[in-house]
Amino acid sequence: MSGGAEGARALLRSGAPQGCRPHERFLLTPGRWAALAEALAADHDLALLALWGEPGMVHAAFLSEAEGAVLLASAPAPEGRYAALSPVRPGAARFERTLRDLWGLSAEGAADLRPWLDHGRWPVTAPLSARPAPNGLPPPQPEFLPVEGEGVHQIPVGPIHAGVIEPGHFRFHVQGETVARLEARLGYVHKGTIGLMLGKSPRSAARFAARLSGDSTVAHAWAFAMAAEAATGAAPPPRAVALRALMAELERIHNHLNDWGFVCNDAAFAWPHARCGALREAVLRACAAAFGHRLMMDCVVPGGVAVDIAPEGPEVILAALDAMEAEIPALERVYDGHASLQDRVVGTGAVGSALVARFAAGGFVGRAAGRGFDARRLPGYAPYDDLDPAVPVLPQGDVDARMRIRIAELKESARLVRLLLERLPEGEVKVSLPQRGGEGVGIVEGFRGECLHWLALEEGGLIRAAFPRDPSWLQWPLLEAAIGNNIVADFPLCNKSFNCSYSGVDL
Amino acid sequence: MLWPRLARALFSKPLTDPAPPVPEEVAQALAARLDAAAQRRLGRSLAIRQVDAGSCNGCELEINALSSVVYDLERFGLRFVASPRHADVLLVTGPLSRNMREALERAWACTPEPKWVVAAGDCAVDGGVFKGSYAVEGGVGAALPVDLVIPGCPPSPTQLLEGLLALLEAQAPPRAASAVQSVSKNA
Ligand code: SF4
């Protein structure tokens with residue numbers, strides 16, 4: 001179908017370039033946008049990464065896997081309407097519901113028109129549109145997709161869950177013990193993050209990027225900084241770039257350790273959880289000693305990093321890694337060697353590779369089901385060009401495969417941290433950002449997958465429009481598929497093996 | 001093999017950190033909020049129900065870290081429970097999003113008396129960086145009577161532990177409390 005693929009790409013590129021760096025954004029007419037939506041039906045190359053808005057305008061980000069290129073497209077939405085992409089890109093459905101809730105733009109021909117982030121509890125509707133309207137109505141009852149069949153009943157779970165985790169509502173339709181359908185209803189932690197970023201300088205808006213999803217604070221802050229630097233033409237010093245990667249790999253390590261322990265714990269096997277917790281705590285303390293904050297929040301800023309690594313930093317980090325690497329083989333043997341654990345994780349919550357590809361799900365969710373995408377390799381960014389990160393890929397797509405990918409990444413990240421510390425360039429760690437207009441996009445591989453930030457600055461250098469896209473947008477829908485035909489009791493395992501961010505997508 | 005490792009762990013040094021000191025004034029101020037009956041009922045342990053009311057999940061990471069072997073909460077009689085119906089403490093994080101307000105109020109309503117409300121993290125104190133957004137109420141105090149605030153973004157597990165220990169201290173019978181005080185004076 002290369003004809004179709006070229007058709008969609010050529011159509012997209014026929015728009016007027018808008019000067020977004022390093023990946024161009026093309027402005028289409030509403031008619032050309034509708035034609036693009038049609039052309040995408042026959043195209044299997046262009047993956048949808050994100051869909052968002054601005055008053056009266058819709059934007060999309062695509063990845064051409066064949067070209068290794070990121071392409072952005074926009075179109076005006078006259079009378080608040082634009083052609084839906086969800087019929088041809090299922091991942092677009094939640095973005096379209098968000099476009100309606102935040103910018104008041106409706107997708108014509110959309111697969112799903114129900115509200116998403118707007119639960120009817122804000123003082124206004126369409127808060128990011130040109131003219132938000134006051135909202136005086138009582139909150140409506142949520143609607144869930146129906147399931148028909150003998151003996152089907154519903155289990156409502158949440159928004160407050162039993163563990164120390166983020167809030168969201170899960171509606172299970174079950175038949176006996178088997179899940180016929182799971183539907184997630186999110187939006188509970190919507191904080192109006194995009195609205196808070198508008199009108200601020202990239203410098204002061206960086207703290208919102210760092211708080212989009214606390215567990216990915218480094219990756220999001222980096223992607224945001226990358227977008228701001230691309231927009232203004234600033235180049236962060238080489239030492240800052242290496243320190244960012246160092247922090248990002250440490251973030252990957254502490255999160256992978258955390259979830260490895262939790263997956264075992266959700267199968268009622270406490271010992272790996274205890275060990276992973278202790279190893280992770282050592283990593284967090286090393287981060288605090290090296291960068292002054294356990295999660296390294298606000299350490300990456302536009303123009304570089306906020307503080308240089310402490311003189312004793314490398315030594316404590318290496319000590320934490322030594323302890324971790326010394327214990328991983330034993331932990332792996334325990335993980336492999338306990339039939340009671342393997343019985344719970346192998347074959348559980350499997351997602352097919354075709355579905356993963358259709359949603360363009362990134363991170364370990366994609367890599368555990370045959371989709372080898374990793375933003376560090378493609379489109380690629382400094383300093384990874386010289387580090388050659390290994391990207392493990394497995395075909396099975398079950399809880400076990402997701403876990404094994406993460407264990408492999410844990411070891412690879414430790415190797416990268418050592419390499420980064422060895423080769424740490426000397427020099428400055430920060431440059432100041434020129435105060436000027438521009439538009440940029442940044443993509444950074446966080447522990448969950450690629451974090452994408454788009455930023456448009458007006459002439460004075462303040463933010464006119466922004467969109468932070470967490471990788472969970474394209475992974476959440478797959479969790480619903482993963483639990484289908486599994487038993488309810490395996491949901492915690494499936495959920496933890498995905499560990500999607502609630503705050504990241506609730507914005 | 002797991003058994004030899006478990007056996008070895010029995011004879012090796014514990015990984016657990018010593019307890020942090022309890023801020024005296026905080027414990028006293030908290031004690032003043034409790035009547036004798038409540039003090040008796042709560043006793044020397046606390047069941048904690050954590051509620052995320054709009055956090056960025058940074059606070060949850062640190063609260064989870066608090067459950068690790070390094071902090072070993074249960075040695076103090078502190079434990080996390082799955083339902084507010086089993087809880088003495090609601091440990092609330094986040095700037096209180098408008099979309100979570102009703103759920104938080106319901107959780108509070110089904111927590112039996114006597115109960116504490118702890119606002120953990122800068123967001124829970126007053127909305128933090130999210131203050132002023134159309135989507136947040138601006139702190140847990142907008143909906144519930146807050147007994148203790150633990151600032152920080154996020155508060156470290158040690159800071160969280162200090163706060164929780166202050167609650168326990170406030171629940172201690174007066175005689176025991178003064179004994180503790182004199183011990184620390186002598187030291
Ligand atoms: S206090 Fe900080 S870490 Fe906690 S929820 Fe708020 S922004 Fe996140």
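Modeller: In this predicted model, the C-alpha centres of domain 1 of chain A and domain 2 of chain A lie 27 Å apart. The bounds of these two parts of chain A are 3-129 for domain 1 and 197-470 for domain 2. Where they meet, domain 1 of chain A contributes 26 residues, which are in contact with 23 residues of domain 2 of chain A.

The size of an interface is often expressed as the accessible area lost when the parts come together. Between domain 1 and domain 2 of chain A, the buried area is about 2000 Å². Carbon and sulfur atoms give 66% of that area.

Polar and charged groups also take part. Eight residue pairs are in polar contact between domain 1 of chain A and domain 2 of chain A, counting pairs with both residues at pLDDT 80 or more. Three salt bridges are found across the interface of these domains of chain A. A salt bridge also joins the side chains of A:R371 and A:E65, with 3.0 Å from N to O.

On the side of domain 1 of chain A that touches domain 2 of chain A, at least two residues come from each of β2 (20-21), β4 (46-54), β5 (57-64), β6 (69-76) and α3 (92-103) of chain A. Strand β4(A) supplies the largest share of that side, namely seven residues. By residue class, this side of domain 1 of chain A consists of 16 nonpolar, six polar and four charged residues.

Terms used:
Residues are numbered from 1 along each chain as its sequence is written. Chains are lettered from A and ligands numbered from 1 in the order in which they are written. This is a predicted model: local features need pLDDT of at least 70, side-chain atom pairs count only at pLDDT 80 or more; totals for chains, interfaces and linings use all residues. Side-chain values use heavy atoms; hydrogens and water are left out. Domain bounds come from an automatic or database domain assignment. Contact means heavy atoms within 4.5 Å. Buried area is the accessible area (1.4 Å probe) that two parts lose on being put together, summed over both. A salt bridge is a side-chain nitrogen of Lys or Arg within 4 Å of a carboxyl oxygen of Asp or Glu. A polar contact is a pair of N or O atoms within 3.5 Å; within protein, one must be able to donate a hydrogen and the other to accept it, and residues adjacent in sequence count only if both atoms are side-chain atoms. Helices (H or I, at least four residues) and strands (E, at least two) are DSSP runs, numbered from the N terminus. Ala, Val, Leu, Ile, Met, Phe, Trp, Tyr, Cys and Pro count as nonpolar, Asp, Glu, Lys and Arg as charged, and the others, Gly among them, as polar.
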